[in-house]
Amino acid sequence: MRPTRWLVALGLLVTCWTAIAIPAHATYGARVTADEPQYLLSAISLGHDLDLDISDELADEAYRPFHATDLDPQTAPLEDGRQVSPHDPLLPLLLAGPMRLGGWIAAKAILAVLAGVLAALTAWTAIRRFGVRPAIAVPVVAVFACTAPLATYATQVYPEIPAALAVVAAVAALLAGGGRVTRTGPDELAARAPAAGPPVAAVTVLAIAVVALPWLSIKYAPVAAALAGLALWRWRRHRRAVVALTVALAAAAAAYLLIHRAIYGGWTSYATGDHFAATGEFTVVGSQPNYLGRARRLVGLLVDDGFGIASWMIGWLALPFALGAVLRPPRGPNVAVLVIPLVTGWLVATFVALTMHGWWWPGRQLVVVLPLGVIVIAITAERAAAAGSRVFGRLLAVAAVLGAFTWMWTTIEAITRRRVLVVDFDETSNPWMRWWRLLLPDGREPALADELLTAAWTVAVIALGVGGWVWAAGRGDPDGSDHRAVRVTCPNPGVAERRPPNGSDPKGDP
């Protein structure tokens, strides 16, 4: 099968698989809950009134088709009487058309389609930008796209999937113009030829993606800044690209602040939130944050009982191993472009987010960067296959079965209302989950046993990272390299070089 057909099939698979959860209940009294009704009401207002004032939608109880119980407005009325939901407007703008044409079902269906596009773009980026074979990239991406939390947010009305799509698009654009990856042997990772400069299309796509992130939610601003910083650094020798990108981002930042000031009466959308009326919009990160206490999330976001992503998809335990493998010098091509935004998003979820244990499905704060982690895992799977090792692939296959089984079990429970996706999802009757979670710490009200489990898992996660580092070191010569040549297709046809297959640049650029 040609790579394009692989990608189309992947996108269709993810869309159809995740769309099964469209009728699932978020709570016992509603199809959606927490912030989801706010996004849908704003979409209704944009579709019918071309504004963000939801006061008439609240008065008319336009939320009843998807929220049978009474709704918490979340809004503090402005001086002119308007009620604007305290959430950034790009997601409602994306959903305005579907909401007008097909209601909440169409809105969720569009998000499932975007999840399919995200999966296809993630696999394409792994293949074209990092040299992963389609036969490896497509199954690895499918494993994680069809399991929690990526599959969960494919039909929950949050900006996570569109934001993740913007991040992957930005990464793909960042690496455009560097020559197509090829191989001369089954175990050789390709290097890139020096780029003549970023294409105009790449600069445009990156600028759009970076600008879109804070308009989806201001919480994505640090990841957007990391991507912008990487672009300015990578393109620093190309003055036109740097100037164009700098001017575009500066103008977009000014427009963001001025428009928010006009619509929301503050610098962020949180200015209209009733929760922050007395304390101010910036207390969304907490009025007295305990950063030392939040540090436990560094591991808890991965292995917390119920709210850790590996508790629902054990395959995420491959991430620290894969990070250790790709970070071991000499690093593969362009690893920093994956790792820096991924780490930035993880740190935001750790130290900036108000809580990890919120009124949502686990992993919400991480979804924006998790596809980058999937690419890191795909790169490691490629290296393992090239080295003749089947262990990594077999472990991922087992994780895929358990993860898909878990998500489908959860979906059926939520559709039949034996359980719901918020409130009591962690009380699932899934036998695998009941056993697996005995090994995980509960960070909500930790007892001594939970603290000991957290410490043990911290050691385990570090050991996985070190294990990946050591494993990568064993694949080449004692200095971590080998000397076989690879062929690199340059932007100028017919030009080829001999370079180390690990993709390292003689000047030391990642």
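**Close-up views of rings and a buried glutamate**

**View 1. Arginine charges over tryptophan rings.** The charged end of Arg261 sits over the ring of Trp267, at 4.6 Å from the ring centre. Here a charge sits over a ring if NZ of Lys or CZ of Arg is within 6 Å of the ring centre and within 35 degrees of the ring normal. Arg236 is placed over the ring of Trp233 in this sense, 3.8 Å from its centre. This is a predicted model, in which local features need pLDDT of at least 70, side-chain atom pairs count only at pLDDT 80 or more, and totals for chains, interfaces and linings use all residues. Residues are numbered from 1 along each chain as its sequence is written, and side-chain values use heavy atoms, with hydrogens and water left out.

**View 2. The pair Trp436 and Trp457.** The structure holds 15 aromatic pairs (rings of Phe, Tyr and Trp, the last by its six-membered ring, with centres within 6.5 Å; planes under 30 degrees apart are stacked, over 60 edge-to-face, the rest tilted). In the pair of Trp436 and Trp457 the centres are 6.1 Å apart and the planes stand at 90 degrees, so the pair is edge-to-face. Both residues, Trp436 and Trp457, are buried (under 20% relative accessible area, with exposed over 50% and partly exposed in between; 1.4 Å probe, protein chains only).

**View 3. An aromatic cluster.** Phe307, Trp312, Trp361, Trp407 and Phe425 together make one aromatic cluster.

**View 4. The surroundings of Glu160.** Glu160 is buried, with a relative accessible area of 0%. Leaving aside residues up to four places away in sequence, Glu160 touches Tyr153, Lys219, Tyr220, Arg364, Val367 and Val368 (contact means heavy atoms within 4.5 Å).
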